[in-house]
Amino acid sequence: MKIPKRIASSIINSLKGGVVPRIGLPYITVGRETEINALLHDVEIIVDGGAAFRFIVGKYGSGKSFLLQTIRGYVMDKNFVVVDADLSPERRLQGTRGQGLATYKELIRNMSTKTRPEGGALTLILDRWISSIQSETAAETSLSPSDDAFSRAVERKIYEVINSLNEMVHGFDFARLLTLYYKSYVSGDDETKSKVVKWFRGEYSTKTEAKSDLGINIIITDDDWYEYIKLFAVFLRRAGYGGMLVLIDELVNIYKIPNAITRQYNYEKILTMYNDTLQGKAKYLGIIMCGTPQCIEDTRRGVYSYEALRSRLAEGRFSTENAHDMLAPVIKLLPLTNEEMLVLIEKLTDIHAQLFSYEPTLTEDDLITFIKIEFSRVGADTNITPREVIRDFIELLNIVYQNPSLRVSDILNSSEFSYAKTPLEEASSETEFAEFTL
């Protein structure tokens with residue numbers, strides 16, 4: 001398994017820092033087949049014009065973000081547009097001080113395609129859409145691009161896409177802005193193009209400013225930003241993409257909102273999204289939200305505190321610890337098995353050796369010993385997560401690489417060998433422990 005050093009470096013450095021690498025995930029994907037297959041089934045529904053909504057639930061470090069990034073890479077290869085955002089105190093689904101709009105801005109800022117995976121793809125998408133229609137028209141009509149008839153044929157195709165949006169909420173204004181962008185593209189008016197993109201990004205703060213610049217007496221706000229996500233999904237499909245996937249992580253930041261009424265408003269927004277996707281009010285759109293078990297299942301502050309959501313999302317009577325319904329709205333991440341963790345650290349051993357150009361010295365017995373030590377201590381079966389094990393293992397690889405005279409077996413069998421800390425062990429102060437147990 002040959003890996004470019006750029007990718008190997010990203011994998012090792014990201015995992016050592018406790019974050020998910022943005023590239024190279026296929027090299028280290030282990031397990032999660034059931035969860036991935038369930039989400040890929042949703043992708044097929046979205047391509048056919050439907051919509052899907054899922055919650056991915058797991059402890060900190062259990063692999064939620066890893067699964068998100070895996071799906072992100074897969075759907076971009078399937079010609080999807082992906083937007084993603086992490087919620088925070090400043091970014092919520094609904095707010096009174098622009099927190100909902102801030103989430104929208106983050107989503108659009110991170111708009112990604114296969115050719116622009118790092119985000120910022122909005123302008124590229126709009127330009128590609130117009131260019132592709134021009135190419136299609138040239139192929140179908142054999143007209144010269146300088147011919148007036150060619151321009152009229154292109155405009156007809158453009159307006160076919162634009163007019164299909166008029167029936168949707170805010171679709172008329174959205175269509176007018178697309179028309180304005182097209183005319184600016186043809187005339188080479190980069191200033192107006194930039195203003196249209198600014199509007200689509202939600203960066204106009206007043207209607208007066210938007211009216212002055214674009215002749216549009218409407219702006220994207222906290223209350224209606226989700227309607228524009230639905231508009232984008234339909235437009236992107238008409239523009240030649242497979243659909244749109246929205247990834248929202250750190251749902252725990254809604255759980256932490258101290259004001260109960262504000263939390264309920266945010267859960268109401270989730271309910272609206274959920275109902276839209278299941279009732280056919282959204283098309284070509286997938287939404288995945290990630291959170292911890294507490295922020296979903298806590299009936300005082302979590303998602304389940306909103307009865308309309310709890311009644312829709314709570315597990316039925318037939319699910320057991322060993323048999324979960326992966327086609328249900330909520331996917332609970334099961335722990336990776338010891339065998340899967342062994343396969344993962346074998347992959348990391350190989351990647352680390354390629355990155356630093358050395359022959360691996362860890363034997364299979366060493367890897368098995370490492371796994372046994374990590375999972376044999378008290379509480380490891382319920383508290384330890386892949387993140388802690390991976391960080392510990394990469395540290396071991398670094399030490400062995402930098403100290404060739406050390407024998408791995410001696411390090412592992414040493415009484416000084418320190419285990420990966422669980423979240424409970426890391427929450428040393430009362431404040432940290434209180435936050436962990438919220």
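Start by selecting helix α15, residues 338-356, and look at what covers its buried residues: the cover includes α1 (5-16), α16 (364-376) and α18 (386-402). Contact here means heavy atoms within 4.5 Å, and buried means under 20% relative accessible area with a 1.4 Å probe, protein chains only. This is a predicted model, where local features need pLDDT of at least 70, side-chain atom pairs count only at pLDDT 80 or more, and totals for chains, interfaces and linings use all residues. Residues are numbered from 1 along each chain as its sequence is written, and side-chain values use heavy atoms, leaving out hydrogens and water.

Stay on α15 and colour its buried residues, among them Met341, Leu344, Leu348 and His352. Residues three or four places apart in an α-helix point the same way, because there are 3.6 residues a turn.

Next, pick the strands (DSSP runs of E, at least two residues; helices are H or I, at least four, and both are numbered from the N terminus). You'll find 5 of them in an open sheet, ordered β2-β3-β4-β1-β5, with parallel pairing. Two strands pair if DSSP finds at least two bridges between them. β2 (81-86) and β5 (330-332) are the edges, each with a single partner strand, so one side of each has no neighbour in the sheet.

Now zoom in on β1 (residues 51-57), joined to β5 by 3 bridges. Val57 sits opposite Lys332 in β5.

Notes: Expected span 1.5 Å × (residues − 1). Buried < 20%, exposed > 50% of the residue type's maximum accessible area, 1.4 Å probe, protein only.
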